[in-house]
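Have the structure open as you read.

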Amino acid sequence: MVQVAILGYGTVGSGVYEVLKTNRDSIKEKAGDEICVKYVLDLRDFPGDPVEEVLVHDYEVIVNDPEVDIVVEVMGGIEPAHTFAKRALEAGKSVATSNKAMVAQCGQELCKIAREKNINFLFEASCGGGIPIIRPLYHALTAEVIDEITGILNGTTNYMLYKMSTEGSDFDEVLKEAQAKGYAEADPTADIEGHDVCRKIAILSSIAYGKFINYEDIPTEGITKITAVDMKYAKELGMAIKLLGTSRREGDQVYALVAPYLVGPSSQLYSVNDVFNGIFVHGNMLGDAMFYGSGAGKLPTASAVTADIIEEAKNLHKNVTYGLSEENMQLMSVDNVVGRYFVRFQGTEAEAESVFGPLDHVMDQIEEGEIGFVTGQMSFGEYQKKAEELGRIVQMIRVKD
């Protein structure tokens, strides 16, 4: 019997407990052994809930119990999650987590300890909720040289942008609606400012390119500056605005970026709407692959965590090949990244052309006193210089080609 302790009985923790109970027989068959929840750690009491039988309030009970083989960290946040995960690994217990903040900030250290202890630190649920992506990157795509990963990695912002597009609502209105439906937190900063996506693309890119990428090195823009007027221009272009986390190999360098993009119908990400997530991967031999599904939610996320528990149960005293590299990657400056840009400008087409050269898709009927256009290909550094020279730019959104 494999004994498990769950840290946190919130949305995901209660989901993991439910999956392990409901699918007990199937999980036993797949793991080759029965997996039993010995402890659930939470500061709260849950009168009348079956979890009362295994509920504890003191982490020392768990970390000092030699019968506990696997610790499941689903508390969220950096501390005390990091300290608890680290102590569990140091005590010889494998750890499974859905905590993207902890993995992005502390994952390199925790993977190193797991390797040294010949146990495992797994985090499938940290990047796409119920979407399997980390395991495919390690196993199914192991023969590939990954050239690009681009994803809609946050259901809250995707829902908000979709509502703004389809209903013509403004940002503040859809944010309140998202909060009322439970899609956005009372403090939505991590979502709307792009921090959540930044951590996820850092983790995925670290796996794809084989060296650790620090999320703090990734330029990050959120969706707070996107307006209902921007959505009108997007519709006129036949495109959709999406918040993307993207990284791409350029020769022997890699860049990473989080920002709103205009995405056209030819992209697989164009039709990823509402609270759904989609992750596009390009390999040099495979070509394009797309992973789509529920990026959050109690049971989808719990299912991914449970898959890690099963993997660890099958490899109790053997470190599997997952993990984050101890070698760090220096990212290429996004100033050198070449692309096209949608621009809203308070002036005339002639003025804009005098600085940017030939323009595509010039629109002058959307908003009085301004035009919208798409630039030709240029580096972001070039764009910034031209934008400063032109002045009176109301908005810029990158175009995903």
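Predicted model: local features only at pLDDT ≥ 70, side-chain atom pairs only at ≥ 80, totals over all residues.

**Cores**

Start with the largest nonpolar core, which counts 89 residues. Inside this core, Ile62 and Phe121 have the most contacts. Helix H11, spanning residues 195–209, gives the core its largest share, with 9 residues. Apart from this one lies another core of 29 residues, and Val12, Phe46, Leu55 and Val74 are among them.

So what does Ile62 touch, once you leave aside its neighbours within four places in sequence? The contacts of Ile62 are Ala5, Leu7, Tyr39, Leu41, Val56, Val68, Val71 and Lys93.

**Strands around S8**

Now move to strand S8, residues 240–250. S8 is mostly covered, with 8 of its 11 residues buried. Strands S7 (residues 146–152) and S9 (residues 253–263) each pair with S8, and here is how the two pairings look.

| Pair | Sense | Bridges | A bridge partner pair |
|---|---|---|---|
| S7 and S8 | antiparallel | 4 bridges | Thr150 and Thr246 |
| S8 and S9 | antiparallel | 11 bridges | Ser247 and Ala256 |

How many residues sit between S8 and S9 in their hairpin? There are 2 residues between these strands, and Gly251 in the turn has a positive phi of about 65 degrees.

Key. Residues numbered from 1 in each chain as written. Heavy atoms only, no water. Core = buried A, V, L, I, M, F, W, Y, C linked by side-chain atoms within 4.5 Å. Buried < 20%, exposed > 50% of the residue type's maximum accessible area, 1.4 Å probe, protein only. Contact = heavy atoms within 4.5 Å. Pairing = 2+ DSSP bridges.
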